[in-house]
Amino acid sequence: MNQRNRVALILWAIGLVTCVWVIARTPFMTDMSAFLPDSPEPAQQVLVQQLRDGVASRLILIGLEDGTPATRAEISRKLAQSLRTFDGFVLIENGDGAIGKADQDYVWRNRYLLNPDVTADQFSRDGLRRALEQDLQLLSSGMEPLLKDSLPHDPTGEAIGLARTLAGGAHHRVRDGVWVSADDRQTLLLAQTLAPGFDLDAQERDLNYLRQSFADAQKSVQGGDSVRMLATGPGTFGVKIRAQMKHDVTIYSAIASAGIIGLLLIAYRSFVVLSLTLVPVVSGALAGLTAVSLWFGFVHGITVGFGVTLIGEAVDYAIYLFAQTKRNGGASATLGRIWPTLRLGVLVSTCGFAAMLFSSFIGFVQLGVFTIVGLAVAVSVTRFVLPNLLTARFSGTRRLGFAPALLDLIHRARVLRIPLFIVLAGAVFMVGVRSGNLWQDELTSMSPISAGDQQIDRALRSATGAPDVRYIVVATAPDMETLLQASARTSVELERLISSHALSGFDSPDRYLPSLATQFARNAALPDQKTLAENLAQASNGLPFRPETFAPFLADIETVRQAAPLTRSSLTGPALSLKLDSLLIQRPGMWAAVMPLLDVADPNRIADILAKTIAQPGATVKLLDLETASNRLLHQYRREALLLASLGSLVIAAVLLVHFRSISQTFVVLAPLGAAVIMTVAVLTLNGHRLSIFNLFGLLLVVAVGSNYCLFFQRGGMVGEDGERTAVSLLLANICTVLGFGVLSLSGIPVLYGIGGTVAIGTALSLVAAAILTSDMGRTAGNPSAATPG
Amino acid sequence: MKDRLAGLVILGMMLLPSASHAGEPVPGTSVWSLESMMAGLHQVKAASARFIERKQMAMLTRGLETTGTLRYVAPNRLEKITSTPAPETIILDGETLTGTQANGDHYTIALSDSPEVAALVEGIRSTLAGDLPTLRRYYSIDFKGTHDDWELDLTPKNARVRDKVESIRIKGVELVLKTIDVAERDGDHSQMIITPDAQ
């Protein structure tokens, strides 16, 4: 081992240790928001935030089934009690009415400011007379005790009216003191998590706590064993999907690994060589992670998952090296031959992946950094480290018996050119015909959530009165006051829409904290003590009320009149504070109000009415359709990815052009690649399927891996033992790729089968197309160096 | 808010209708006991009556009087239909109480919403249904008198109910309820006088 090689080995070892050291200190995140765009538009920021951590995304809907209603009620109470002690949940509702005194007091004390029905007329002589006459009627009715305690404070009945308003249209059926579904077969709970729905680690922890608490409650209640628990919600689905994904990836990558290891063992007949095959890719992955960690300060879980997939190409590097090394030939000699091709291959792949660096999605940028650094390190390790690790024991791999036949096949592959052109023309036609309808931009159709789970979610959502996950009304304004005024106007319109059955209820921040203008208006409606006392005296003339009865009413009104207006800090109770915080969003220079809706039946009508509503100057109000909006987001995401991929292709072409200084040689490399991509798209869309963003990712990988094949064919020299070995190494590399990714396509999860299927089909087609189109194109194109190996 | 409403509802339950029964004296009972009376009431399938209810309240200078009709259908339906001074309907059917007020307001209350409500409702309904175990679950019972002049004194066991209602005193003759007196903790008082319809 010469000095230079020793230096390379030492540098490599130091590098590995450093990488491991850095990675051990790296925070890994699973926050899906890294894959949402960092949009500068305020309205879109609100949308993204709602998608990420809106109230709806934090809810777990819980249904208890089977067993007797009494048993379920008991479990519901125990469960709620246990969940309320856990930090992960901010609010647990099961109908047991455990709302704190601070919250009740706020509503009771401020009833004249909070009730939208408060007008000056109510406190005039006539208004009070009407109220007192009705009070008297109610006192003589069965409802008398309902009023008796509060009547002296509240003869105009503000508190009762307010209670109805604050219920917001959610009607819960209660049995044995807890919520049950309309058909009495389910006992219901609603849990709001502290963590947003996308924080899957936290969601998983909360879910586990929920399951444990349920199991404990089951045990402590007689007959509890027969009760089943259903839990749904965005976070719950996220956790479920992740678990399914982990499961699939584990199973399928184990199968694929076994296949690849078996194949390589047959080819190499050496465990040492087999394990050395992994050295470049492992080194590359570690370096890639380190680079991402140093650049961003954290690594996203998805970067690791997809990144390792994307640099799977690095396994090929070792295969090219080993399979092309003759007995007693020495790895260095092989490297001397294949290095220029390998180097160009990495450069081409890097250009393809570099496009990701310009993405507005931080997740894409991380992937770009990871793959570029990973591939560069992997190819360097193949070039400078692997030969040194080999020298002592490795004298080349055996010559495979089928190699001559394979080479012969490649030489004769050109007869397939006409059929290939016909197939290609067909594919171009197919793709062309469908070009307007090629992409799938509906998030739901890509959702891995089963129809059964979605059905359960819908049923529980309507039973618990949890807000619609699809539609929300969003109002924005430059300041909180304007915003609260705008939401008050919107509330008026929504109330009307409830009467026309376009929805069944809604919530709005101005219910809990009216705008200052509204507060002033309501306050102005309250007469001074003297006037009120006179009005009251005249109004009760002839009625049997004792004169002193309403002293508390006079005092309460005066207190409200003198009090400072309500502000955010007036809400001291936890439940209403939390509610308000979830409805009011502050952004730099902007406030947004989120108004959740219940049972939206006629979204178009709501959107129309809101569009016509004259909002406050500076404020906007609109109905947001999260599904359409997120589809649009996905569309935008996919378009960006497509644009970046196209740019990457152009850069690849430019790099090849600069390298070869020949249009025809560039074409020789790109033609099979282009043909493979088009045919892959045609195959994927054969049954009317549309392409997802995952297919696009797969195509990116096809270009990265397939370009290496094309470069080897372009290099030519497909004769003699070197030619056989080149052919075998390409076949071996491709079989490994097809195995590894093909197995993934068996998964039911869109992202896995999308990428898996695309890469398996695409790389195989790249190899075949390269063999058919390039076998002697290189020579006919007049590249003299290509004809003679080395 | 919810607690407050629940509290109000509890009070509302007190004035729930009670029906009178025109029943036969229980044959073969020489000793008139709580058990034998309840067994007799248990046999009653339906009954209807007119009522006059008088309330005395501290906040009013004079008493209030309402009149209307009561209906009971075994095992668990009660109707109280007030005709004067203003029309009002309250129907208790199984676990659900529905009411329509004079001003047209409707309300529905599930009894199981609160154990306190259930206590007050069962005070009257389980008496009518002759369901002694249920009645005992919610009340301490003091029963005295003879079969043609008996008195059932109910004292709520639940402390929260007791805060509002001191006692419910039902008087009757044989299997017919004649008066229901409700004494509230704050001194207010109501009496319902029941006149059975001819059977």
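In which sense do strand β8 and strand β9 of chain B pair, and over how many bridges? Let's find out together, keeping in mind that this is a predicted model.

**Stop 1: strands in chain B**

Select residues 149-156 of chain B for β8 and residues 165-173 for β9: these two strands pair in the antiparallel sense, over five bridges. To see one of the pairings, show B:D153, whose bridge partner in β9(B) is B:R169.

Look for B:K171, which stands opposite B:T179 in β10(B). Then move to the turn: two residues lie between β9(B) and β10(B) in this hairpin, and B:E174 there has a positive phi of about 50°.

**Stop 2: α14 and α29 in chain A**

Switch to chain A and select residues 313-323 (α14) together with residues 720-744 (α29); the helices pack at an angle of about 150°, their axes 9 Å apart. That angle makes α14(A) roughly antiparallel to α29(A). Their crossing is right-handed. Among the residues that meet here, show A:I319 and A:Y320 from α14(A), and A:V728 and A:L732 from α29(A). The contact comprises eight nonpolar residues, one polar and two charged.

**Stop 3: α27 and α28 in chain A**

Finally, select residues 663-684 (α27) and 693-715 (α28) of chain A, which pack at about 145° with axes 9 Å apart. Here too the crossing is right-handed. Residues to display include A:V669 and A:L673 in α27(A), and A:V703 and A:G706 in α28(A). This contact has 12 nonpolar residues, six polar and no charged ones.

Conventions: Residues numbered from 1 in each chain as written. Chains lettered and ligands numbered in written order. Predicted model: local features only at pLDDT ≥ 70, side-chain atom pairs only at ≥ 80, totals over all residues. Axes fitted to C-alpha atoms, helices over the stretch in contact; angles between N-to-C directions. Helix = DSSP H or I, 4+ residues; strand = E, 2+ residues; numbered from the N terminus. Parallel < 35°, antiparallel > 145°, perpendicular 65-115°, else oblique. Left-handed = near helix turned anticlockwise from the far one by under 90°. Contact = placed C-beta atoms within 7 Å. Nonpolar A, V, L, I, M, F, W, Y, C, P; charged D, E, K, R; others polar. Pairing = 2+ DSSP bridges.
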